[in-house]
Amino acid sequence: MKRFKVLLLGQSRNLFKALPLLFQRAGFVVDALTYYDCKIRKNFISNSQHFATRREFITALQKKNFDDYDLIVPFDDGVVKDILDSDLSLEKKLRLLPVKSEKDFKHLSSKIGLMEVLSKNGILVPQSFAVKDASEGLKYADLLGFPLLVKIDFSSGGDGVFECNDINDLKKIIEQNLATPFLIQKKIIGLELDLSGFYQNGKLISFNYSAVLKTIKKFAPSSLRLYKRFSDIDENVIIQMQKIGEVLGVDGFTNVSAIKCQESGMIYIFEADIRPNAWVDAGKFIGNDLAAKIANYFDNPNSWQLQKNLNDQAFPANLKIPNCFRLKMWQILCNRYGVWSFISRDEISWFCWDFSRNSHYILKKLKRLPTEIIRIFLPQKQDRIRIKMGLRRFLFS
């Protein structure tokens, strides 16, 4: 049996954590190219290279041959944008980015582009407008009514999203000189859902259905979710997810966020970043193991059919799952939300590695503390002269 190979690309250590183990369980050989602060543990990695800067990373991509890889996964928004904005050839960009064609670049790293593509293709999204200046923002706010959301065109992890409950809130946000164009969007009141999945060549391979119960802070990543068994997911939701893959030309992971409207029960899609999220491997706890689905697809790509997994009846219909890396240490120690049931040996190793890394950084800072104190309280000769002259002017003027 052929051993498949995957290459992971990115700069976010937090989004990287679940991917090597996921692909190792799917039977893949895992390589990685990382940059900026994404220094990684080598567990489950065959080959890895780390680059200090974006320029070095892009240069490495220009030189590298990718013919050996069955799958390439950019795992965060930053790397998708860096590849898209680089001077790499179109052929290489299409090989590296998780979309089918150049026309699909429009929605990458752009909330405005995403809303336009989804709405034009019949996907239900919150009413939105692209705003070029302050006067347009006020005009569209009058059309939408409050509450509404203002979103910068490219952001990640909830950054650059602002809620406006009245015209004064909107004016304060606009006065911050946001980069234009930005998105102004009707806020849908309801339950936030995550429908993130995995596609190949626009074909849906698998996705999970979960409700967001807690977040780190407002508009920030979630720390607790309620997962639904795949066999119990409404057929219309599955059809909608299949259509999203087709219209966006997805050829990899998607981080799909939605709101189930409190009044109508309709599901509005408001985000579909073409990359995995930190919950990518959580489905295994409720009978929807993405590693198994990926392995089955790559073994039989031509005969693949998405089917409801009736074997998941052995699992609970709904299951609360916490993200251990987004809980406070006291919550982990107290087994908050039953987190111990969801922590693997690999995640314990990550905790230890992070603790060691952070301790090294703190010790490095402490070693510099005496030098910093001397610099502050015993300034250089020219600085002492200026201080003396200033005191003289103050005392004798």
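Me: Which side chain meets that of E163 in a salt bridge?
Reply: The side chain of K187 does, at 2.8 Å from N to O. The two residues belong to distant parts of the chain, 24 residues apart: E163 is in strand β7 (residues 161-164), and K187 is in the loop between β8 (182-186) and β9. A salt bridge here is a side-chain nitrogen of Lys or Arg within 4 Å of a carboxyl oxygen of Asp or Glu. Helices (H or I, at least four residues) and strands (E, at least two) are DSSP runs, numbered from the N terminus.

Me: What should I know about the model and its numbering?
Reply: The model is predicted, so local features need pLDDT of at least 70 and side-chain atom pairs count only at pLDDT 80 or more, while totals for chains, interfaces and linings use all residues. Residues are numbered from 1 along each chain as its sequence is written, and side-chain values use heavy atoms, leaving out hydrogens and water.

Me: Back to that pair: is E163 buried or exposed?
Reply: E163 is buried, with a relative accessible area of 17%, whereas K187 is partly exposed at 22%. Buried means under 20% relative accessible area, exposed over 50%, and partly exposed in between (1.4 Å probe, protein chains only).

Me: How many salt bridges does the structure hold?
Reply: The structure holds 14 salt bridges. Among the residues involved, R25, D281, K284 and D289 are linked in a network.

Me: Which residue forms a salt bridge with D85?
Reply: K81 does, with the closest N and O atoms 2.9 Å apart. Both residues lie in helix α4 (residues 77-85), four residues apart, about one turn of the helix. An α-helix has 3.6 residues a turn, so residues three or four places apart point the same way. D85 counts as partly exposed at 48% relative accessibility, and K81 is partly exposed at 27%.

Me: And what about D104?
Reply: The side chain of D104 meets that of K103 in a salt bridge, at 3.4 Å from N to O. D104 is buried, with a relative accessible area of 3%, but K103 counts as exposed at 63%.

Me: Changing topic, which residues of helix α7 are buried?
Reply: In α7 (residues 134-144), the buried residues are E136, G137, Y140, A141 and L144. These residues lie on the same side of α7, because they cover an arc of only 135 degrees around the axis. That arc is taken from the directions from the helix axis to the C-beta atoms.

Me: What is found at the ends of α7?
Reply: D133 caps the N-terminal end, where a side-chain oxygen lies 2.9 Å from the backbone nitrogen of E136. After α7 comes G145, whose phi is positive, near 80 degrees.

Me: Now the strands. What is the order in the open sheet of four strands?
Reply: The order is β3-β2-β1-β4, with parallel pairing. β3 (47-51) and β4 (71-74) are the edge strands, each pairing on one side only. Two strands pair if DSSP finds at least two bridges between them. Four bridges join β1 (residues 5-10) to β4, and V6 has L71 as its bridge partner in β4.

Me: Where does D194 come in?
Reply: The bridge partner of D194 in β14 is S257, and D194 stands opposite S210 in β12. Strand β9 (residues 190-194) pairs with β14 (residues 253-261) in the antiparallel sense over five bridges. Two bridges join β9 to β12 (residues 209-215), and these strands also run antiparallel.

Note on methods: Polar contact = N/O pair within 3.5 Å; in protein donor to acceptor, adjacent residues only side chain to side chain.
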